[in-house]
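We will take a short walk through a few spots together.

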Amino acid sequence: SRIEGFSAIPNVKWEDVGGLDLLRKEFEHYIVNPIKYREEFEEFGINLEQGFLLYLPTGCGKTLIAKAIASESGENFIHIRGSELLNKYVTVRTIFSHARTYSPCIIFFDELDALTTKRGEDGGWDVEQPLTQLLIELDRADKRQCVFVIGATRRPEVLGEAIKRQGRLGKHMYVPLPGPRERGLILKAIARNKPISEDVDLIAIGQEEAYENLSGADLAAVTNEAAMIALEEKRMSGEGSFEGKKWMINKTHFDRAVEKIA
Ligand code: ATP
């Protein structure tokens with residue numbers, strides 16, 4: 001069936017995630033540690049919190065952090081967008097049954113608000129509707145089965161109270177656009193495996209005015225553009241090294257990139 005093979009343990013490390021410290025701590029507390037120290041949690045009779053609602057602006061690392069949690073705790077990861085559930089091939093029921101088979105597992109439901117736009121004919125509850133199915137699955141989820149659900153929306157106000165209740169997606173987390181310091185940390189995470197010249201201070205760059213209001217995705221685009229500009233320069237020069245140094249991404253590359261992207 002279509003559902004086979006759509007879960008896997010992702011390969012995203014905490015180091016790939018910049019900023020989002022609070023979110024990371026919360027998820028370590030509620031998901032990573034309970035999986036790592038499962039027996040102790042059972043010994044203490046702790047009921048696991050398994051439903052989360054993330055409210056972040058677009059491009060700020062929701063998908064990235066959800067993958068990092070799965071990766072760090074060795075859990076399978078299923079990524080579903082609300083709009084995908086409006087077709088008949090993937091149902092909420094099959095997703096949850098797959099997740100239980102491959103537990104521990106994280107189901108990341110992006111664009112949850114898409115589910116609220118389609119109602120039953122009479123406007124009432126229709127058990128075939130994905131939102132209703134989701135409520136049913138969240139309610140029946142055996143607390144020990146280690147199927148964690150992270151929902152994400154940009155419009156929490158349209159979701160309705162039922163799904164946000166305790167025991168369903170009961171833990172709510174809001175993260176604003178990154179501030180000056182977080183932007184630097186995000187740049188560092190993104191540039192981790194790139195040849196960045198030693199005199200580039202990414203923390204300082206993140207505090208520059210040109211970088212105001214940029215999301216993580218924007219910062220990734222700027223870094224990518226800076227790398228392209230650097231590579232172009234290297235190719236034009238026809239050399240692999242410059243004044244005896246390896247050719248690298250420097251501050252002027254970032255300056256030109258941010259002007260282009262932002
Ligand atoms: P959307 O709401 O549009 O689905 P999202 O919040 O899920 O976006 P991601 O897919 O996690 O955004 O991020 C997009 C890309 O932006 C990432 O692949 C990464 O390159 C970069 N990025 C965003 N936020 C961060 C961050 N906090 N640290 C490092 N990289 C980030």
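In which sense do strand β1 and strand β4 pair, and over how many bridges? Select residues 51-55 for β1 and residues 147-152 for β4: the pairing is parallel and runs over 4 bridges. To see one of these up close, pick Gly 51, whose bridge partner in β4 is Val 149. Do keep in mind that you are looking at a predicted model.

Now bring in the whole sheet. This open sheet has 5 strands in the order β2-β3-β4-β1-β5, with parallel pairing. Colour β2 (76-81) and β5 (171-174): these stand at the edges with a single partner strand each, so one side of each has no neighbour in the sheet. On average, neighbouring strands here are turned by 20 degrees against each other, direction ignored.

Next, select helix α4 (residues 92-101) and helix α5 (residues 130-140). Their axes lie 9 Å apart at an angle of about 30 degrees, and α4 and α5 are therefore roughly parallel to each other. Show side chains for the contact: from α4, Val 92, Arg 93, Phe 96 and Arg 100 meet α5 residues including Pro 130, Leu 134 and Glu 137. The residues of this contact divide into 5 nonpolar, 1 polar and 4 charged.

Notes
Residues are numbered from 1 along each chain as its sequence is written. This is a predicted model: local features need pLDDT of at least 70, side-chain atom pairs count only at pLDDT 80 or more; totals for chains, interfaces and linings use all residues. Side-chain values use heavy atoms; hydrogens and water are left out. Axes are lines fitted to C-alpha atoms, for helices over the stretch in contact, and angles run from 0 to 180 degrees between N-to-C directions. Helices (H or I, at least four residues) and strands (E, at least two) are DSSP runs, numbered from the N terminus. Angles under 35 degrees count as roughly parallel, over 145 as roughly antiparallel, 65 to 115 as roughly perpendicular and the rest as oblique. Contact means heavy atoms within 4.5 Å. Ala, Val, Leu, Ile, Met, Phe, Trp, Tyr, Cys and Pro count as nonpolar, Asp, Glu, Lys and Arg as charged, and the others, Gly among them, as polar. Two strands pair if DSSP finds at least two bridges between them.
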